[in-house]
Structures are given as C-alpha cells and as structure tokens.
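This report covers fold, helix packing, salt bridges and one backbone feature. Please view the chain first.

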Amino acid sequence: MASNWPQVLDKLRKDADYPKAFSAVYPNGITEINVKEVIAAFERSLYTPNSRFDRFLRGEKAALTADELSGYRLFKEIGCVSCHQGVNIGGNLYEKMGLMEDYFGKRSGVTKADLGRYNRTGIDEQIFEFKCRPCATWR
C-alpha cells in the first residue's frame, strides 16, 4: 500500500494504543512478524455468513440497496467478476496486479513485496501475482 515495513512499524509504535496492545500479547512488542500475524488473524476473523450480499447471492433480491445493486452491476460489466467469482469472490485463484491499468507504473519504484507470488516460487511468469483471499499470508 505504497509503504514499507520500517514506515509501518514506525507509525504503529507512535500510535497511542498499539504499543500497549501488542506488548500485552507479544513480549517483543511491535515487529514485522507480529504485525503480519495480527493482520492474518484479523482477516481470518472476517466471517460474514448471512450478510446482505450473501443473501442476495442466494436469491433474496431485496437484500441490496439500489446503490449496491448499481455497484454490483458495474463490478460485472467492467469484468471484475471474471476473476472475482465463486464463494470467496476471488479467493480461489492468483491474478496479476494491474490488469486494468499500470498499477506499478504509477508508483515510484517497485519493492520486493510488489513481486508477489514470485517471491515464493521464483517463476518469472508469477511476478505481480497475488491471491485474492483474506487468509493469504506471506509467512
């Protein structure tokens, strides 16, 4: 998200609440590994069965507002649904970041983290690929 670990850790350490909260759980406080673990745990907690969108997908047409329906139509019309589909709305595949526009070209410099799946596999074709699912962690 256009940041790096030293910047993220510095921001968290300067926060009024995070240092105390991390120290209560982790003896070594705020570290890159601990932050990744916390984010992964949070994302795994995002369990939304029977959300309005879930109900809509199961056939309850009145579950979404007019604005939400308009957004969902746009999501399908511009092609997002070609990758973001299924039960996890995309949690079942890897995809290249920047298919719709040059995401990395708009930034100053590509970081190692930006290389995505390539960092795990070393396969050139997988540069900039990411898995679209909340529990995809980079441990």
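Among contacts in the chain between residues at least 6 apart in sequence, what percentage join residues at least 24 apart? The share is 34%. Contact here means heavy atoms within 4.5 Å.

The model is predicted: local features need pLDDT of at least 70, side-chain atom pairs count only at pLDDT 80 or more, and totals for chains, interfaces and linings use all residues. Residues are numbered from 1 along each chain as its sequence is written, and side-chain values use heavy atoms, with hydrogens and water left out.

**Overall make-up**

The chain has six helices and two strands. From the N terminus, their order is α-α-α-α-α-β-α-β. Helices (H or I, at least four residues) and strands (E, at least two) are DSSP runs, numbered from the N terminus.

The chain holds 139 residues, and 17% of them are buried. Buried means under 20% relative accessible area, exposed means over 50%, and partly exposed lies in between (1.4 Å probe, protein chains only). The chain exposes about 10,200 Å². Carbon and sulfur atoms supply 57% of that area. Accessible areas come from the Shrake-Rupley method with a 1.4 Å probe; for residues, only the protein chains shown count as cover.

**Helix packing**

Two packed helices are described by the angle between their axes and the distance between the axes. Helix α1 spans residues 5-14 and helix α3 spans residues 32-44. Their axes come within 10 Å and cross at roughly 80°. The two helices are therefore roughly perpendicular to each other, a class that takes in angles of 65 to 115 degrees. Axes are lines fitted to C-alpha atoms, for helices over the stretch in contact, and angles run from 0 to 180 degrees between N-to-C directions.

Which residues make the contact? From α1 come Trp5, Leu9 and Leu12; from α3 come Glu32, Val35 and Lys36. Four of these residues are nonpolar, none is polar and two are charged. Here Ala, Val, Leu, Ile, Met, Phe, Trp, Tyr, Cys and Pro count as nonpolar, Asp, Glu, Lys and Arg as charged, and the others, Gly among them, as polar.

**Salt bridges**

The whole structure contains five salt bridges. A salt bridge is a side-chain nitrogen of Lys or Arg within 4 Å of a carboxyl oxygen of Asp or Glu. The table lists some of them.

| Pair | Closest N and O atoms |
|---|---|
| Arg52 and Glu68 | 2.6 Å |
| Glu60 and Arg55 | 3.2 Å |
| Arg117 and Glu129 | 3.5 Å |

Arg52 and Glu68 link distant parts of the chain, 16 residues apart. Arg52 sits in helix α4 (residues 52-57), Glu68 in helix α5 (residues 66-77). Arg52 is partly exposed at 37% relative accessible area. Glu68 is partly exposed too, at 29%.

Glu60 is partly exposed at 37%.

Arg117 forms a salt bridge with Glu129. This pair also links distant parts of the chain, 12 residues apart. Arg117 lies in the loop between β1 (94-96) and α6 (118-121), Glu129 in strand β2 (residues 129-131).

**Backbone at Phe128**

Most residues other than glycine have a negative phi. Phe128 is not a glycine, yet has a positive phi of about 70°. Phe128 is placed in the loop between α6 and β2. Its relative accessibility is 24%, so Phe128 counts as partly exposed.

Terms used:
Parallel < 35°, antiparallel > 145°, perpendicular 65-115°, else oblique.
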